[in-house]
Amino acid sequence: MTTYGLLIDYEYCTNCGSCQVSCKEEHNYPVGKTGIAVHADGPWKIDDDNWNFNYWPLPTDLCDLCADRTAKGREPICVHHCLANVMYYGPVEELAKKLEEKPKQMLVVPQYMPKVAKGEFVHVDKGNAHVAAKIEVEGTGQASFGAHRHDGKVGTFETEA
Ligand code: SF4
Ligand code: SF4
């Protein structure tokens, strides 16, 4: 079985958020839940000539590597919409070779937690501008991971509900 992942050249990530927004739209994830989140560190000075300032787009446990799309031969929606064109999807073995080409890249194999992260939204007026949402997350009991198999067959596995 071939393991697939995402390679992200974070040196050129602009923190545009397009990966996160497109992922949420594609999977209909609710407020506060996403398949990928962009984290930031810096800017802070290393020495007179150098600064640390990085953005790291990190898949969450809701990332299924866009199994529905990749099973049809399409690239993940985040890769498709990355405005800086710094995201790559493919077999880990191939991505690892690309990883050797330059620093400031990361190779990620997400752990897909098959959950229905949809559900009821109850907006709560807290008396100020903040709005809270009640979100119920349920285990589906089953998940497809056909896009991850080298032979193209669709497999299922059981999870706790
Ligand atoms: S591969 Fe798909 S599920 Fe994973 S972060 Fe990208 S858009 Fe979201
Ligand atoms: S879409 Fe690309 S450039 Fe924009 S935040 Fe995501 S990884 Fe960075």
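1. Start with a definition. Two strands pair if DSSP finds at least two bridges between them. In this predicted model, three strands meet that condition and form an open sheet in the order 4-1-5, with antiparallel pairing. Strand 4 and strand 5 (106–108) are the edge strands, and each pairs on one side only. From one strand to the next, the twist averages 25 degrees.

2. Now the overall picture. The protein chain has four helices and eleven strands. It runs to 161 residues, of which 22% count as buried. Take the contacts between residues at least 6 apart in sequence: 57% of them join residues at least 24 apart.

3. Back to the sheet, and to strand 1. How many bridges join strand 1 to strand 4? Five, and the two strands run antiparallel. Tyr4 has Pro91 of strand 4 as its bridge partner. Leu7 stands opposite Tyr88, also in strand 4. Strand 5 is joined to strand 1 by three bridges, again antiparallel. Here the bridge partner of Leu6 is Val108. As a general point, strands of a sheet pair through backbone hydrogen bonds, either parallel or antiparallel.

4. Is strand 1 mostly covered or mostly open? Mostly covered: five of its five residues are buried. Tyr4, Leu6 and Ile8 point one way, while Gly5 and Leu7 point the other way. In a regular strand, side chains alternate between the two faces of the sheet.

5. Helix 4 (residues 92–99) lies across strand 1, strand 4 and strand 5. Its direction is at about 135 degrees to strand 4.

6. Next, the core. The largest nonpolar core has 23 residues. Cys78, Met87 and Tyr88 have the most contacts inside it. Strand 1 (4–8), helix 1, helix 3 (77–81) and strand 4 (87–91) each supply at least two core residues. Which element gives the most? Strand 1, with four residues.

7. Cys78 deserves a look of its own. Leaving aside its neighbours within four places in sequence, Cys78 is in contact with Cys19, Ser22, Cys23, Ile36 and Met87.

8. Ligand 1 comes next. The residues around it are Cys23, Glu26, Gly35, Ile36, Pro59, Cys63, Asp64, Leu65, Cys66, Pro76, Ile77 and Cys78. Helix 1 and helix 3 each supply at least two residues of this shell. By type, the shell around ligand 1 divides into nine nonpolar, one polar and two charged residues.

9. Ligand 2 has 16 residues around it. Which come nearest? Cys13, Cys16, Cys19, Cys82 and Ala84. The elements giving two or more residues to the shell are helix 1 (18–27) and strand 3 (50–59). Twelve of the shell residues are nonpolar, four are polar and none is charged.

10. Check the backbone next. Most residues other than glycine have a negative phi, and most peptide bonds are trans. Several places here depart from that pattern. Just after helix 1, Asn28 takes a positive phi of about 60 degrees. A cis peptide bond joins Gly42 and Pro43, with omega about 5 degrees. Pro43 lies in strand 2.

11. Two loop residues also have a positive phi. Leu65 has a phi near 55 degrees. Its place is in the loop between strand 3 and helix 2 (67–70). Asn85 has a positive phi of about 55 degrees and is not a glycine. Asn85 sits in the loop between helix 3 and strand 4.

12. Asn85 counts as exposed because it has 9 C-beta neighbours inside 10 Å; exposed means 12 or fewer.

Methods
Residues are numbered from 1 along each chain as its sequence is written. Chains are lettered from A and ligands numbered from 1 in the order in which they are written. This is a predicted model: local features need pLDDT of at least 70, side-chain atom pairs count only at pLDDT 80 or more; totals for chains, interfaces and linings use all residues. A residue is near a molecule or strand if its C-beta atom, placed from the backbone, lies within 6 Å of it. Ala, Val, Leu, Ile, Met, Phe, Trp, Tyr, Cys and Pro count as nonpolar, Asp, Glu, Lys and Arg as charged, and the others, Gly among them, as polar. A residue is buried if 20 or more other C-beta atoms lie within 10 Å of its own, exposed if 12 or fewer, and partly exposed in between; C-beta atoms are placed from the backbone. Two residues are in contact if their C-beta atoms, placed from the backbone, lie within 7 Å. A nonpolar core is a set of buried Ala, Val, Leu, Ile, Met, Phe, Trp, Tyr and Cys residues joined through C-beta atoms within 7 Å. Axes are lines fitted to C-alpha atoms, for helices over the stretch in contact, and angles run from 0 to 180 degrees between N-to-C directions.
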